[in-house]
Amino acid sequence: MATVQAASFLHFVIVASLLASTHGAKPSRYSMPFNRTSFPKDFTFGSGTAAYQVRSRALRELHIVTNWFIPKSPKSEEDIKAAYRILDFLFGWWPSHFGYEDSNSYTLIVTKLCRFLNPLTYGDYPESMKSIVGHRLPKFTKEQSAMVKGSIDFLGVNYYTTNYATNNEAPNKVNFSYSGDSQTILSTSKGGHPISTPGMYDLMLSIRDKYKNPPIYITENGLADANNASLPVKEALKDGLRIRYLANHLQYLSKAIKEGVNVKGYYQWAFWDDFEWDAGYTVRFGLNYIDFKNNVKRYMKYSAYWFKMFLLH
Ligand SMILES: *[C@@H]1O[C@H](CO)[C@@H](O)[C@H](O)[C@H]1NC(C)=O
Ligand SMILES: *[C@@H]1O[C@H](CO)[C@@H](O)[C@H](O)[C@H]1NC(C)=O
Ligand SMILES: *[C@@H]1O[C@H](CO)[C@@H](O)[C@H](O)[C@H]1NC(C)=O
């Protein structure tokens with residue numbers, strides 16, 4: 001009971017801070033009563049490394065890091081194709097350096113052979129990739145194709161953001177590379193305006209329609225703040241932007257589920273500020289703040305209270 005009362009009070013504090021931080025944006029879109037009851041009963045939520053618990057229980061999983069892509073010029077046929085193409089290259093295919101190994105030999109074989117969603121669904125590489133990469137792309141034998149097709153139990157997706165895709169009219173035809181082959185130029189803003197689109201929702205619907213609706217776990221989704229050493233801890237805890245990000249993504253995820261996408265779980269990244277694999281301590285992803293200069297003392301950010309509220313209701 002005490003928890004619920006505390007939660008209600010925090011709800012008030014959080015919604016108040018949220019309203020204060022939305023700067024005129026429509027607050028109703030982000031405030032409760034949107035909560036976990038909008039998700040199926042057996043849906044699992046977690047944060048940070050909880051995702052690995054899901055992973056370790058599954059023998060056959062494909063884990064993908066992807067953004068969503070939209071054409072920079074919505075009316076340009078070439079940019080529209082570029083957006084689909086980069087998705088084929090990043091998502092329909094699976095770049096080997098993101099692969100993870102496992103001591104389980106079956107998983108090892110599967111992750112080595114089947115890093116590719118298109119092959120996993122249809123037994124072959126995406127058409128756009130075959131036509132561009134041509135003879136440089138290895139071919140599946142009939143046996144390999146049959147072996148990989150339909151061989152995953154679920155798809156793990158790390159989703160953070162959406163990019164604009166523009167057709168690269170002058171791809172490097174001398175020195176080939178994986179990034180060059182996609183013949184796209186990516187950007188995150190247009191005319192000075194940052195991208196704003198329900199990318200996660202579109203990505204989910206695309207998986208439903210293009211890849212035969214496999215069970216999906218969102219194994220990572222979250223927002224980083226720059227680690228500002230001169231910002232007082234008290235101020236750093238007021239992360240209204242993170243709350244809006246999470247609320248927005250969860251709302252669109254629940255909409256996607258209602259429209260038939262087979263999403264089974266959502267794992268927020270990260271439970272606390274961490275040493276990020278490609279950014280070290282320069283960013284703070286946590287729901288919980290860590291004071292690295294003071295014996296790694298921990299504080300709940302407003303988003304931690306928000307997420308707790310969301311889960312309790
Ligand atoms: C949770 O969300 C549902 C659906 O929007 C709503 O009916 C319910 O009142 C909410 N619960 C709380 C405690 O806010
Ligand atoms: C191809 O790579 C070589 C060797 O790095 C470099 O000298 C050359 O300028 C590159 N050509 C193009 C078109 O990128
Ligand atoms: C860091 O925080 C300080 C104190 O609030 C602020 O004055 C400064 O603008 C911040 N720096 C950046 C890069 O946001």
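**Close-up views of a predicted model**

**View 1. Tyr 125 in its loop.** Tyr 125 has 20 C-beta neighbours inside 10 Å, so Tyr 125 counts as buried. The cut-offs: a residue is buried with 20 or more other C-beta atoms within 10 Å of its own, exposed with 12 or fewer, and partly exposed in between, with C-beta atoms placed from the backbone. The loop that holds Tyr 125 runs between α5 (117-122) and α6 (127-133). Helices (H or I, at least four residues) and strands (E, at least two) are DSSP runs, numbered from the N terminus. Ser 145 lies 20 residues from Tyr 125 along the chain, and their C-alpha atoms are separated by 9.9 Å.

This is a predicted model: local features need pLDDT of at least 70, side-chain atom pairs count only at pLDDT 80 or more, and totals for chains, interfaces and linings use all residues. Residues are numbered from 1 along each chain as its sequence is written, while chains are lettered from A and ligands numbered from 1 in the order in which they are written.

**View 2. The whole protein chain.** The chain contains 12 helices and 12 strands. It has 313 residues, of which 34% count as buried. Take the contacts between residues at least 6 apart in sequence: 71% join residues at least 24 apart. A contact needs two C-beta atoms, placed from the backbone, within 7 Å.

**View 3. Helix α11, residues 240-258.** Its 19 residues should span 27 Å at 1.5 Å a residue, and the end C-alpha atoms are 27 Å apart, which agrees. The expected span is 1.5 Å times one less than the number of residues. Buried residues of α11 include Ile 243, Leu 246, Leu 250 and Leu 253. Arg 242, Arg 244 and His 249 are also among them. Just after α11, Gly 260 takes a positive phi of about 100°.

**View 4. Strand β9, residues 263-268.** Of its 6 residues, 5 are buried, so β9 is largely enclosed by the rest of the structure. Strand β1 (residues 44-47) pairs with β9 in the parallel sense over 4 bridges. Pairing requires at least two DSSP bridges between two strands. Here Gly 46 has Tyr 267 of β9 as its bridge partner. Strand β7 (residues 216-220) also pairs with β9 in the parallel sense, over 3 bridges. Ile 216 stands opposite Val 263 in β9.

**View 5. The surroundings of ligand 3.** Asn 228, Ser 230, Leu 231 and Glu 235 surround ligand 3. A residue is near a molecule if its C-beta atom, placed from the backbone, lies within 6 Å of it.
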